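Please open your viewer and get ready to select residues by number. We will take the tour one stop at a time.

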Amino acid sequence: MSVAALLNRYAPAVCLGTAVAAAGYRRRALSRSGAVGAAVVGAITHSAGSWRWSAPLLAFFAGSSALSRLERGSTGGQAIAAMTERGSRRDLAQVLANGGVGAFAALWRIAAPHPRWASAFAGAYAAANSDTWATEIGALSPTAPRMIFSGREVQPGTSGAVTPTGLAGAVAGSALIGVVAGCTLEGPYPLRRAAAITIAGMAGSLADSVAGATIQAGYRCPRCREATERHMHRCGTATILVRGHAWCSNEVVNALCTAVGAGIALLLTSPPIPRPLDPAPTKAALVVPCSSPHHRSPDRSRPSATTRPQSGDQLWRPTHRARRGGQQPPAATSWA
Ligand SMILES: [Zn+2]
C-alpha cells in the first residue's frame with residue numbers, strides 16, 4: 001500500500017481519535033494517560049469501520065460524559081465518589097477496561113473482515129454504557145441501594161448493589177447503543193440487531209453487578225472504618241481486604257462486563273436465521289446450459305453466485321443460488 005493510500009485510509013481515523021480524546025481531556029473527563037488511550041481506541045475503531053463504527057463509540061462517550069456531570073452534582077454521586085475514590089478524570093486503565101474489548105473486536109475486523117466483529121463491538125459498548133448509566137442514573141435514586149443477592153441495604157457506590165432507578169438507567173444505556181449500532185453497523189435486520197445488542201448490554205451490566213457482589217475486591221479503612229475500593233484510603237491509611245479477591249479490581253470487573261456483552265451479542269447474532277428454502281429445482285434448472293452462443297439461457301446475463309466476487313462486507317448476503325446447487329451457505333451468512 002502506498003503512503004498516499006495509507007494516509008487516505010488512516011488519517012481521518014487518527015484525526016477523529018485525537019479530536020475526541022482532546023475534547024475529553026479539555027472537559028476533564030479524561031486524564032492525560034486516559035486521553036492517549038481514548039485516541040488509540042478511537043483511531044482503531046474508525047479504521048475498522050469508518051463512521052459506522054465510530055457512531056456507537058461517540059454515543060457512549062458523549063452520553064457518559066454528560067451523565068457524569070449530572071451525577072457529580074447529586075448527593076448519591078458524591079457518596080459514590082467517596083466510596084470509589086476515583087477522580088472525575090478516567091485514566092488509561094479505566095479507558096481500556098471500558099473500551100479494550102471493543103478495540104479488540106475492531107482489530108479483528110481489520111485483520112479478518114467479518115460482520116460478527118461488529119456485533120461483538122456493539123455488545124461490548126452496550127454493556128459498558130449500560131453499566132455506566134446504571135451507576136450515574138442510580139446515583140439519583142431516592143432509595144438506598146440493596147445488594148443484588150442478599151437484598152441488604154448498603155451505602156451508594158457499593159459494588160454489586162442495585163436500585164430500581166439504576167436498573168432503568170441500565171436499560172436506557174444499553175438501548176441507546178443498541179439503536180445506534182442497529183442503525184449504523186453493517187448487516188440487515190437493524191431492529192433485531194438493535195434488540196440483540198440491547199439484551200447483550202443488559203447481560204453484561206448484570207454480570208458486572210454479580211461480579212461486584214461476589215468476587216470484586218472490597219476494602220475497609222481500619223482508621224476511619226469506611227468502606228472503599230482502594231488499597232490506600234484518602235486519610236493515608238493502608239486499607240484491609242474485607243471481601244472478594246485482591247486481583248479483582250473495578251477495572252477487571254468492567255472489562256469482564258464488556259466481554260460478557262460482546263460474547264452474548266455474538267451468540268445472539270451468529271446463528272444463521274433460517275429462511276424458507278427455495279422450491280425444489282425444476283427439471284429445466286437441472287439441465288446443464290449449453291455453451292454454444294446460439295443457445296443463450298435467460299440467466300446467462302447475470303453472474304452466478306459461485307463466480308460473483310464477495311468482499312468481507314458482502315459475505316452476509318444470502319446466496320440462494322449457492323443453496324439451490326446443494327451447497328451449504330458459509331457460516332458468514334448470518335445477519336450479524
Ligand atoms: Zn481512612
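**The whole protein.** Start with a cartoon view, and keep in mind that this is a predicted model. The protein has 10 helices and five strands. If you colour its 336 residues by burial, 41% of them come out as buried. Among contacts with a separation of 6 or more, 72% join residues 24 or more positions apart.

**The core.** Now select F121, A122, A124, Y125, I177 and I197: in the largest nonpolar core, which has 62 residues, they touch the most other members. Which element gives the largest share? That is α5, with 13 residues.

Stay with Y125 and show what surrounds it. Leaving out neighbours within four places in sequence, Y125 is in contact with P56, L57, F60, G102 and I177.

To see the contact, select A93, Q94, A97, N98, G100, V101, G102 and A105 on α4, then E251, N254, A255, T258, A259 and A262 on α8.

**A sheet.** Move on to the open sheet of three strands, ordered β4-β3-β5 with antiparallel pairing. The edge strands, β4 (227–228) and β5 (240–243), each pair on one side only. Zoom in on β3 (residues 218–220), which pairs with β4 in the antiparallel sense over two bridges. Where in β4 is the bridge partner of R220? Select A227 to find that partner.

**Two loops.** Finish with a pair of arginines. Most residues other than glycine have a negative phi. R225, in the loop between β3 and β4, has a positive phi, near 60 degrees. Is R225 buried or exposed? With 7 C-beta neighbours inside 10 Å, R225 counts as exposed, because the limit for that class is 12 or fewer.

Then jump to R28, in the loop between α1 and α2. The phi of R28 is also positive, near 65 degrees. R28 has 13 C-beta neighbours inside 10 Å and so counts as partly exposed.

Note on methods:
Residues numbered from 1 in each chain as written. Predicted model: local features only at pLDDT ≥ 70, side-chain atom pairs only at ≥ 80, totals over all residues. Core = buried A, V, L, I, M, F, W, Y, C linked by C-beta atoms within 7 Å. Buried ≥ 20, exposed ≤ 12 C-beta atoms within 10 Å, placed from the backbone. Helix = DSSP H or I, 4+ residues; strand = E, 2+ residues; numbered from the N terminus. Contact = placed C-beta atoms within 7 Å. Pairing = 2+ DSSP bridges.
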